[in-house]
Amino acid sequence: MPGLLPNSGSTSTGVPCHQWPWARACLQKTAVILWLLLSSTFLSPTWGQTKIPLETVKLWADTFGRDLYNTITKYSGSLLLQKKYKDVEPSLKIKEVDGLELVRKFSEDMENMLRRKVEAVKSLVEAAEEADLNHEFNASLVFDYYNSVLINEKDEKGNFVELGAEFILESNAHFSNLRVNTSVSSVQLPTNVYNKDPDILNGVYMSEALNPVFVENFQRDPTLTWQYFGSSTGFFRIYPGIKWTPDENGVIAFDCRNSGWYIQAATSPKDIVILVDMSGSMKGLRMAIAKHTITTILDTLGENDFINIIAYNDYVHYIEPCFKGILVQADRDNREHFKQLVDELVVKGVGVVDQALSEAFQILKQFREAGRGSLCNQAIMLITDGAVEDYEPVFEKYNWPDRKVRVFTYLIGREVTFAERLKWIACNNKGYYTQISTLADAQENVMEYLHVLSRPMVINHDHDIIWTEAYMDSKLFTSKTQSLTLLTTVAMPVFSKKNETRSHGILLGVVGSDVTLRELMKLAPRYKLGVHGYAFLNTNNGYILSHPDLRPLYREGKKLKPKPNYNSVDLSEVEWEDQAEVLRTAMINGETGSFSMDVKVPLDKGKRVLFLTNDYFFTDISDTPFSLGVVLSRGHGERILLGNTSVEEGLHDLLHPDLTLASDWIYCITDIDPDHRKLSQLEAMVRFLTGEDPDLECDEELVREVLFDAVVTAPMEAYWTALALNISEESEQGVELAFLGTRAGLLRSTLFVGSEKLSDRKFLTPADEASIFTMDHFPLWYRQASEQPPGSFVFNLRWADGPDGTGTPVSVTVSTAVAVTVEEKAAIAAAVGIQMKVEFLQRQFWAATQQCSAEDGQCPQSCEDSDLDCFIIDNNGFILISERAQETGRFLGEVDGALMTQLLSMGAFSQVTMYDYQAMCKALDPHHSSAQPLVSPISALLTATRWLVKELLLFLLEWSAWGSWHNRGGDAKAVFHHSHKHKKQDLLHPCDTEYPVFVHQTAVQETNGVIACGTCQKMFVMQQIPSSNLLLLVTDPTCDCGAFPPVLQEATEVKYNASVKCDRMRSQKPRRRPDSCHAFHPEENAQDCGGASDTSASLLLLLLPLGACMLLP
């Protein structure tokens, strides 16, 4: 038979060739494929060793399709459900959704919720400032308080330890089921802060006044979560009170002053240039301290700040050459990048600082005059062990008399020769001078610059309200109970109002309260957004706050961990098809409007794709830096089905045992009143409808929809029950489960086998989120069915251990959508389907291929013959049925690259390129060869010696500091521990990837052809299975086409050359600056600019520099 020739206009082979380092190999590979494809044009079909009768293949496909249709419609009851909705069509209304009205309503609701949080924080600020005003400092104060680490701890005699009195803790569902005390707060201190320091005791005593305010706030607004006060002295008062557990090293590393909410509330946005001395005198321990100081400064910066780092010795060089002459946003990506570069710095030469200062002043001036950067505070951080030049000419030229740039100086080491000079620099440029002698000193001394920058705001008593970017809750705190919930924090600064300290601008601390983004997004109810719709939030910097496609976690082994850049994912990296960034620009500018875009939506972990036209509606949320977007898919996604029924009839049908509701959706508010928290949504709705609990608040529109759907779908239970009773032991035991879901989140299901016999027990359970209604999406089977032609079924394979399963698939889900039409407008009302065993599907297929045309008499061929190879694949190319069980579930191109390549070239399938800007990739060579030390015995000896010295130094630090200086050494221990972990490179790193998805072109329902494979030809026939997303492929297995490479559906990292990478790193996307700025105040006391730090030392710490050079490799 004649073969269908390849389409010369389509050469899509699934082989990406744009990545130049592999271009040659890629071109060679492509040349082989093209030669093989084109050669089929000139080869005679008589070379084919097996002929495949087209009529027989079509008969097999039609027979299999008919048998499937009959089985599925019988067990799913889809025709009955369609009829039930058809019967009520005259009473139905289809309402067009006004997207702008919807987004405005959601925004108002969110604004009201967030305003209540602000009011709670304001009341805490007032109480704290009043308490401080009435408190007189008492250096000899003795005061017991609830220390979060020591509470409920007892000594060997069974007595409570000091600061560790009995503290009642009870599990509380509102606080993630943690054990808390909602009557009183507790106080946490990092290890390096002495818990009986007079400043600490006075601050803790003063802040006791916040306890009744915490309780009152929570009673007034039960949706409040954690409330807290972070003191400038380092203690952290948190409500409700909680037990804090040290990490595995016995260290409490959390310091509230390093938190984003504290830093943003304490200071205005800032441009920072760090100058670090890299001269030879900085070697050893001084360099280690300098690096740790830079890292500590970087940790005090946020996404509203801008940064660069310049190293100097005989000449000036940017530690990131790509950032020469500019400031970059201090987002998490850039901060981590700088930390890695700082870790690699080495010392040499002589320090000449005037050129570095001039360079820093010029950058800051250029950005200020160009209207770039933060447009607020500007500062230079000078980190050095000494200075000998005359700096005055530089300051006279660039900074005097206006002193628009503050200069902070950090003297590294114990040498005090240059202390006065560095202090003079700071005092004459509105900065602050500190000396950092040990690693443990860095934290406290770096924090001083924040106090200086906060002075203008404090003197003015400007209580700016700040909202943080999305982050994961780590103040909870402990290594054992760290939450992976995304949240934002509202925070405000607390000032001293005492007249005698006004010019000093004393910041007492910051108060804050958390808002979980999940709770906030509940105010954009899922049922109002349609099958594919969603809502999302982004910040003034364009970063995602909440989005269903935000994936903040990755799996490392068995653990889920936050990605390094999880809270700096840009809107353009999620809505990546908006190449011109029209949507992003409008949203960060706080505009209200709409925008439309054709999108490719990945499904099933990127294996599939939907082609949709989305309408985007957006507006800002007043008094916050956030914007809200609502997405509705064009067509049925912008229509809501409205039905009506009586409460009595609806209640009756709600109480069937097979019915459940989407547990994540809010039908009734059950998480505020403690008496309601134990109720399921269904139980709460029944109480609401019966009037049993008048205090319950429910979404009446959603409740009406549920009642209507319950009534319409109620006959399905009786239908399925009758089927289950009539199933014989011998026949059709392969259908295990029938199910349906409606757009109101109602779910019904019935088992046709005992639960112990289910092949896939996770389906329709929370263990498999893709199969149920969640806050973020409708079930996968519902979403796929809604895009299938009416009356058509969509098939999906399932694995026993869930969607990430390995091995052989065990079951198949089949679903179809139920649409209703009113006044020529169609809307999806429900989806219905069944789950069957894979073996049952295979049996039906092999039975269908025993059929043949009547005129043929006895069937000459069958799929069980050795000279025919038969596959059933879905519309994305995944194998559901193969003669070889191990191929089930795999991608066709992986099994038969020649056939997939030919289908692509003929246009039966198309390749769609998708992008993932949140991927994690394996590092190619993260470590040096482990065999390297074997090259030289001396190298091995030096490595061992360096390790021993490091361990000895750490021991000395711990022993000396813990014994002498009120736990200062604990911080040093944490520093060394962190440094060790930092150098241990992760196996995975954030990256961009692209990956292919293959899609059947529905216009090509049947085709056939011949593939030339060297000395033979491989014939094939493709035939659509009616009323499904399945295809039958019959091929000739006797011809070996191994010369064709496989076509893989694998993600590949997008490699950027140095120039492109630099351009991407330097690019500054549009952003909206915070509304307020407090850079200077004429009344601030600029002479409060620091002094010599404690220079006392133990013999052990004085000896540390002797071995410091061994610290650095």
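Modeller: Happy to! Two strands pair if DSSP finds at least two bridges between them; strands (E, at least two residues) and helices (H or I, at least four) are DSSP runs numbered from the N terminus. The model is predicted, with pLDDT of at least 70 needed for local features and 80 or more for side-chain atom pairs, while totals for chains, interfaces and linings use all residues. Residues count from 1 along each chain as its sequence is written, and side-chain values use heavy atoms, without hydrogens or water.

The sheet is open, with three strands in the order β2-β3-β7 and antiparallel pairing. Its edges are β2 (170-172) and β7 (241-242); each has a single partner strand, so one side of each lacks a neighbour in the sheet. Three bridges join β2 to β3 (residues 178-181) in the antiparallel sense. Follow Asn 172 across and you reach its bridge partner in β3, Leu 178.

Now the helices. α2 (residues 54-76) packs against α21 (residues 838-848) at about 140 degrees, their axes 8 Å apart (lines fitted to C-alpha atoms over the stretch in contact, with angles from 0 to 180 degrees between N-to-C directions). Among the α2 residues meeting α21 are Trp 60, Phe 64 and Leu 68, and the α21 side includes Phe 840, Leu 841 and Phe 845 (contact is heavy atoms within 4.5 Å).

Helices α3 (residues 78-87) and α19 (residues 700-726) come within 10 Å, axis to axis, and cross at roughly 150 degrees. Here Leu 80, Leu 81, Lys 84 and Tyr 85 of α3 meet α19 residues including Phe 708, Asp 709, Val 712 and Tyr 719.
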